[in-house]
Amino acid sequence: MRDTPTALPRVSLQQKLFRLWDSDIAYSFRQSPVTMAAGFVVLLILIGAVFAPLLATQNPFDPSGLNLMDGKTAPMAVNEFTQNSYLLGTDDQGRDILSTILYGSRASLLVGFAAVGLAMLIGVTLGLIAGYRGGIVDSIIMRIADIQLTFPSILVAMLIFGVFRGVLPVQSHATLAVPVLILAIGFSDWPQYARTVRGVTMVERNKEYVQAARVIGLAPLTIMIRHVLPNVLGPVLVIGTLGLALAIIAEATLSYLGVGVPPTQPSLGTLIRVGQEYIASGEWWILFFPSLTLLALALSVNLLGDWLRDALNPKLR
Amino acid sequence: MTETSEALLEVRDLVVEFPTRRGILRAVDQISFSLMPGEVLGLVGESGAGKSLTGTALIGLLEPPGRIASGTVRLKGQQINGLPPEELRKIRGRRIGMVFQDPLTSLNPLYRVGEQLIETIRTHLPLSEAEARQRAVDLLMEVGIPAAERRLDSYPHEFSGGMRQRVVIALALAAEPELVIADEPTTALDVSVQAQIIAVLKRLCREKNTAVILITHDMGVIAETADRVAVMYAGRIVEIGPVRDVIKSPRHPYTKGLMGSIPDPEAEAERLIQIPGSMPRLTHIPKGCAFNPRCGFANDQCRTERPPVRAVGKGSVACFLDEAQLTALSLEARR
Amino acid sequence: MLAFVLRRLFQAILVMLVVALVSFSLFRFVGDPISVMVGQEATQEDRERMRQELGLDQPFPVQFAAYVGRIVQGEFGISYRVGRPVIDLILERLPATLELAFCAAIFALVFGVGFGVFTALRRARFSSKAIMTFSLIGVSLPTFLIGIGLIYLFSVELKWLPSFGRGQVTDLGFWTTGFLTLSGLKSMVLPAITLGLFQMTLIMRLVRSEMLEVLRTDYIKFARARGLSDRAVHFGHALKNTLIPVITIMGIKLGSLVAFAIITETVFQWPGVGFLFIASVQSVDIPLMATYLLLVALFFVTINLIVDMLYFIVDPRLKSGVALARH
């Protein structure tokens, strides 16, 4: 407010967040048992993933800690050789399935969050620029977004993944798999954010208080961050939540297809890929529990996103 | 209301309700009227008074959760509300036609005008495709569409607004119904074509002896067209009578205000003419007479009891004010 | 009409050029095409000669023009991995993918529109609500999990349908088809459902919301007021008006089936183009990746063109050049 003489209809971010929390949002969360259940599931998997090294009974991907004799133990059953028992059973290498899921969720969520963050960063930045500048810059950015949107993002991610593999030296493929995956998914998902942010920016740009700020000579960057950005937070948050579900699914899909994280550092998708080999041989738990975790995670995040969209009720399109 | 069983349409104590989260809303509250064959009844009132809902209720097209809560609608003595949907459907279009407000949205944009006419004709009349087509041409000519034969193959968007409303009228009259309900048929049209559309409707209904319920907020249209007029306020009929009587000597304070009487220097009359305030929302209909908060003559009785419908002259009115007062009021209005 | 078609055609060509630029950049900048082609033991002179022969010393726009020229003539390069012309590899496998995508599209379209109409007309029914809930789960399910679930249920447990491959195929010379044998048809069921399910739920939700919208319009109310039967109102009037705005989106959704087939083909080891593409990504087989990209783009652009034309045919308002506010 210091440098703006006009009385701007603006509230601080804290006030806004408080109002958000105080208002219908918290209420509608409490009103919806399904949303609360989804929130609980997400929180549970999140805690499990973050504290995996503390919670897991073993590091399933450290070969020295494994006992092959423990292999293929059914859930809750007692292994006939080692007398060990595992809550969710073990795979053929003797890995505890629960531990693999904890570590797998860690990889899935890491890629998911990082990819969404990257997509958000690119999309919001380009959207702000396109909406604020307009003209030829806007046309170029939005045409690129349009063309990219024509292709399913999973295909774009695969292409980007392939390009990185072509550019990077072969010996670094395994170690750089996760960053490459994040880049691939992040780059494939930005157009949605750009579109929404551009729309909101164009509306805000023409409002009087922004016009006033321009007249008194505030720098475009200041105007964007102070006045436009707060208005796009709501829609971006909703797209981000739904995008997180998509990114998790995308990561799982790529890993399942064998173009994602390597088996030495598996995600849920990799676990499912490995588990599918046992689909017909009776060791159902090797496939079932990772699949269930992925489904629960994706569904819960989607439900949260749906709820958030209804609660914030932004004009999404 | 003294009409006997020779009436074409007889509505008794009709109530239309909408159950909502905040309780049940009464959009139409115990209205009664009747209509003789070939008669034109005007139904006037502000928007939200329940005119259109009355119209849709009569032909059984209320959108759920709206419903007829009580009362009867009789067509030539046969009760038609509460009939099975299929029976009711056979009455719609065949015995009661309907014309809606906006001709731009009343016609399906994807079908040729002829297709929509022929479809309607063949739904109700046992005609062959060729016969139905001929009838469609005749209908278009009757409503005054030039080159009817050729226009049959045009799409709705190729007609002007006035021409489209003519098509809508042709569709409503396709099976020669005994009654047409016209819901604000000219509101969406240019002023220049409004009179033509009313003229077409009037002429055709007179020729075919079709009764009309003309729903409108335009007293001018009513004065020119209707035989009788019913005035609605907040879901109730406050006054009904021959059109000349109601216009020249309105008896209900609301009607009087609606007729826009000459300004009176006296304070009371002044307030009356302007009708202060606005019609109450359905959620806040006052106790007693719905008009009492805006009425310059309201007394304690008006605020507690609902006024009964009393016969006055050739019509009837729902007001506690006695005849002497009403006559005085109407005299004042005429001055 | 002609102007409209030409404009759309021009846009399509523009999109194809952009995609060709991307695919050419892949060739040019990812990996060194020379070392891949001449092998390790080639001398510096050999490389230089090769560079000139391939025109790689030319300016970028010239090279790009030459590339587009080669594509138009059907030369897409040699696969690094297999050493055969890429176009041959793709054409061999294209029938499998197209048959799969076709069946999935029919499945998604029939059930998507069917369920969408049903849930719109019978909103209060328990079965409608059940379908809507199911569709929400369907949107959250990764495609490959659907495939695995179906394999487990119908192949492993019930043993009704095969879990992988195309079954017995018939070679028609230019096309191999699985439609002519029982095992081919049986093999098609699970992959087609897997591929189509996601699009089906999307189409269903789209049709439902659009139909609810149409059912509220004046012309539907007027159609009822004219005493038309429910059948005529719902399926004669409402359905046609519902389908027009969703044609475009359905076209794009169905077009993306070819790309999504990558996942389904991997789950069911379906010998199609997507399977080939995954292998090419894993081994960084640039010519194959680039060609696949062009192929998918061509497919999308063609479908979009067809959809636009279709639009023109079904909506009389467009033919007479009436500008519509909502389009």
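**Chatting through a three-chain model**

Q: Which residue stands opposite Val11(B) in strand 2 of chain B?
A: Phe33(B) in strand 2 of chain B stands opposite Val11(B). Strands here are DSSP runs of E, at least two residues, and helices are runs of H or I, at least four residues, both numbered from the N terminus.

Q: Before we go on, what kind of model is this?
A: This is a predicted model, where local features need pLDDT of at least 70 and side-chain atom pairs count only at pLDDT 80 or more, while totals for chains, interfaces and linings use all residues. Residues are numbered from 1 along each chain as its sequence is written, with chains lettered from A and ligands numbered from 1 in the order in which they are written.

Q: Back to chain B, then. How do strand 1 and strand 2 of chain B pair?
A: Strand 1 (residues 9-20) of chain B pairs with strand 2 of chain B in the antiparallel sense, over 9 bridges. Pairing takes at least two DSSP bridges between the strands.

Q: What's the strand order in that sheet of chain B?
A: The order is 2-1-4-5, an open antiparallel sheet of 4 strands. Strand 2 (23-35) and strand 5 (78-79) of chain B are at the edges with a single partner strand each, so one side of each has no neighbour in the sheet.

Q: Switching to chain A: how many helices and strands?
A: Chain A has 11 helices and 0 strands. Of its 317 residues, 45% count as buried, that is, 20 or more other C-beta atoms lie within 10 Å of the residue's own, with C-beta atoms placed from the backbone (12 or fewer is exposed, in between is partly exposed).

Q: What about helix 6 of chain A, how far does it reach?
A: Helix 6 (residues 153-167) of chain A has 15 residues and reaches 21 Å from first C-alpha to last, close to the 21 Å expected at 1.5 Å a residue. The expected span is 1.5 Å times one less than the number of residues.

Q: And why is helix 6 of chain A largely enclosed?
A: Because 11 of the 15 residues of helix 6 of chain A are buried. Among them are Leu155(A), Phe161(A) and Arg165(A).

Q: Which residues does Val296(C) touch?
A: Leaving out residues up to four places away in sequence, Val296(C) touches Phe151(A), Leu155(A), Val258(C) and Ala259(C). Contact is C-beta atoms, placed from the backbone, within 7 Å.

Q: Which residues touch the most other members of the largest nonpolar core?
A: Leu181(A), Ala170(B), Leu214(B), Val231(B) and Val296(C), out of 250 residues. The largest share of this core, 18 residues, comes from helix 9 (residues 220-257) of chain A. A core here is a set of buried Ala, Val, Leu, Ile, Met, Phe, Trp, Tyr and Cys residues joined through C-beta atoms within 7 Å.

Q: How many residues of chain C and chain A are in contact?
A: 30 residues of chain C meet 30 residues of chain A. Helix 7 of chain C gives the largest share of chain C's side, 6 residues. That side has 25 nonpolar, 5 polar and no charged residues. Nonpolar means Ala, Val, Leu, Ile, Met, Phe, Trp, Tyr, Cys and Pro, charged means Asp, Glu, Lys and Arg, and the others, Gly among them, are polar.

Q: How many residues does the contact take from chain B and chain C?
A: 24 residues from chain B and 21 residues from chain C. The side of chain B that touches chain C has 9 nonpolar, 8 polar and 7 charged residues.

Methods. Two residues are in contact if their C-beta atoms, placed from the backbone, lie within 7 Å.
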